[in-house]
Amino acid sequence: MEKKNIQWDSIGFGYIQTEQRYVANYRDGKWDNGGLTDEANITLNECACVFQYAQTCFEGLKAYTTKDGKIVAFRPDLNAQRMVDSCNQLKMPALPVEQFIDAVKQVVKANAAYVPPYGSGATLYLRPFMMGTNSVIGVKPASEYQFRIFATPVGPYFKGGVRPLTVRISDLDRAAPHGTGHIKAGLNYAMSLYNIVDAHEQGYDENIYLDPQTRTKLEETGGANIILIKGNTLVTPKSGSILPSITRRSLLYVAKEYLGMEVEEREVYLSELDTFEECGLCGTAAVISPVGKIVDHGREICFPSGMTDMGAKTKKLYETLTGIQMGTIPAPEGWICEIM
Ligand SMILES: *Cc1c(COP(=O)(O)O)cnc(C)c1O
């Protein structure tokens with residue numbers, strides 16, 4: 001198979017249209033078999049539930065080339081299951097886990113020419129999403145839905161090497177205590193747009209959200225979970241309104257089983273931030289972005305890991321997880337889904 005003529009190391013994190021995408025429709029109480037299409041545009045009625053009441057959720061995962069030339073995806077079963085959970089919360093009909101995984105495989109195979117080569121740092125990003133498609137004007141769930149997965153090649157998250165981030169403690173909230181913070185709903189992102197633009201204008205890379213009830217505990221950023229390191233212990237905030245990151249769950253396992261670290265999932269207070277040595281944001285896109293500095297209004301928390309490189313433990317975590325993904329370190333059973 002001939003790869004596309006793309007400068008893999010210079011593409012950014014943007015949308016590059018690829019040839020085939022998967023579409024399945026839900027009508028009369030059931031999902032159809034779905035299949036591939038080259039039509040990238042969607043035509044819907046103006047009154048479709050997704051437009052009026054934001055009835056939509058999504059996922060994000062990657063396919064990439066391993067050292068031995070296979071094309072694989074990382075734990076797509078967890079994305080499938082998380083989308084089931086999102087659908088249940090939004091009164092959308094869940095797509096069966098097996099159909100989701102089959103759709104991932106179909107899209108990757110059909111766009112194999114866009115899967116970046118091993119060592120390029122680039123990957124094929126997959127975006128599964130679902131929306132209510134029929135017209136709804138009284139507030140209620142749609143009765144018809146469309147599920148899609150498209151693929152787009154994305155470059156290395158940090159071009160020209162990692163750069164520790166400067167993040168601020170946000171004055172605005174991301175998710176209500178008994179709301180939708182734990183599901184991957186587009187609405188959680190719509191409400192974060194004002195704040196991320198403002199953060200960038202003020203010179204910060206990201207917003208760290210606090211628990212809205214007491215505003216004393218860390219939750220996560222707009223699109224990544226938080227990990228903190230103290231000695232040989234990896235700590236991550238626990239809360240019902242955090243999105244359960246697959247990267248974070250994988251890192252906890254790697255810390256414990258591969259690196260012999262202690263792991264703690266617990267409430268993390270703003271007031272204890274200066275007791276940690278390293279901090280990072282984790283998600284599919286960058287795996288781990290190191291945080292060098294957190295600014296809490298007047299107070300600056302500068303981690304000893306500094307502003308030029310990843311901290312030593314963070315780096316070990318990053319290298320181990322990406323090694324597992326790229327096939328240079330043996331993976332736990334079931335983590336790597338071989339596609340071709
Ligand atoms: C998607 C997402 C993450 C990261 O999850 P991964 O499964 O690791 O990609 C973290 N926080 C939020 C709010 C997200 O939407």
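**Close-up views of a predicted model**

The structure holds 0 disulfides, a disulfide being a pair of cysteine sulfur atoms within 2.5 Å. This is a predicted model, in which local features need pLDDT of at least 70 and side-chain atom pairs count only at pLDDT 80 or more, while totals for chains, interfaces and linings use all residues. Residues are numbered from 1 along each chain as its sequence is written, and side-chain values use heavy atoms, with hydrogens and water left out.

View 1. Cys 49 is buried, at 1% relative accessibility, and Cys 57 is buried with a relative accessible area of 1%, where buried means under 20% relative accessible area, exposed over 50%, and partly exposed in between (1.4 Å probe, protein chains only).

**View 2. The aromatic pair of Phe 74 and Trp 335.** The structure holds 10 aromatic pairs, counted when the ring centres of Phe, Tyr and Trp (its six-membered ring) lie within 6.5 Å, with planes under 30 degrees apart called stacked, over 60 edge-to-face and the rest tilted. One of them joins Phe 74 and Trp 335 edge-to-face, at 5.7 Å centre to centre and with 90 degrees between the planes. The pair links distant parts of the chain, 261 residues apart, as Phe 74 lies in strand 6 (residues 71–74) and Trp 335 in the loop between helix 7 (312–326) and strand 17 (336–338); helices (H or I, at least four residues) and strands (E, at least two) are DSSP runs, numbered from the N terminus. Phe 74 and Trp 335 are both buried.

**View 3. The largest nonpolar core.** This core has 41 residues, and among those with the most contacts inside it are Trp 31, Val 104 and Val 108; a nonpolar core is a set of buried Ala, Val, Leu, Ile, Met, Phe, Trp, Tyr and Cys residues joined through side-chain atoms within 4.5 Å. Helix 3 gives the most to this core, with 5 residues. Leaving aside residues up to four places away in sequence, Val 108 touches Ala 63, Ile 71, Val 115, Leu 126 and Ile 339, contact meaning heavy atoms within 4.5 Å.
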